[in-house]
Amino acid sequence: MMLTVRRKAFLEELPAVVEEVVKTYGTRLRKVEIKEDEKGCYTVLITYDSEFRP
């Protein structure tokens, strides 16, 4: 099953957020989507496979 998690971040925080996502979800990670809102804040949508399949 695929799940999506939402994180909020400012521009300068995005590299650290993406690095943490890659370390946390590893090969289960399917997609990272970054959207900017009108106030200059970013929403990071993280889609991953909830079950580990080696």
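The model is predicted, so local features need pLDDT of at least 70 and side-chain atom pairs count only at pLDDT 80 or more, while totals for chains, interfaces and linings use all residues. Residues are numbered from 1 along each chain as its sequence is written, and side-chain values use heavy atoms, with hydrogens and water left out.

Q: How many salt bridges does the count come to?
A: Side chains of opposite charge can pair when their charged atoms come close. The rule here asks for a side-chain nitrogen of Lys or Arg within 4 Å of a carboxyl oxygen of Asp or Glu. By that rule, the count is six.

Q: Which residue meets D37 in a salt bridge?
A: D37 sits in the loop between β2 and β3, and its partner is 29 residues apart, in strand β1 (residues 2–9), so the pair links distant parts of the chain (strands are DSSP runs of E, at least two residues, and helices are runs of H or I, at least four, numbered from the N terminus). The N to O distance is 3.9 Å, and the partner is K8.

Q: Is K8 buried or exposed?
A: Buried means under 20% relative accessible area, exposed over 50%, and partly exposed in between (1.4 Å probe, protein chains only). D37 has 22%, so D37 is partly exposed. K8 has 51%, which means K8 is exposed.

Q: Where do K23 and E19 both lie?
A: Their side chains meet in a salt bridge at 3.2 Å, N to O. K23 is exposed at 65%, whereas E19 is partly exposed at 44%. The two are four residues apart, about one turn of the helix, and that helix is α1.

Q: Which residues do salt bridges that share partners join into one network?
A: Take the salt bridge between K35 and E33, with the closest N and O atoms 3.6 Å apart. Shared partners make one network out of K31, E33 and K35.

Q: Which residues does D49 touch, not counting those up to four places away in sequence?
A: D49 belongs to strand β3 (residues 42–49). With a relative accessibility of 5%, D49 counts as buried. Taking contact as heavy atoms within 4.5 Å, D49 touches M1, M2, R28 and R30.

Q: Is I34 buried or partly exposed?
A: I34 has its place in strand β2. Its relative accessibility is 41%, so I34 counts as partly exposed.
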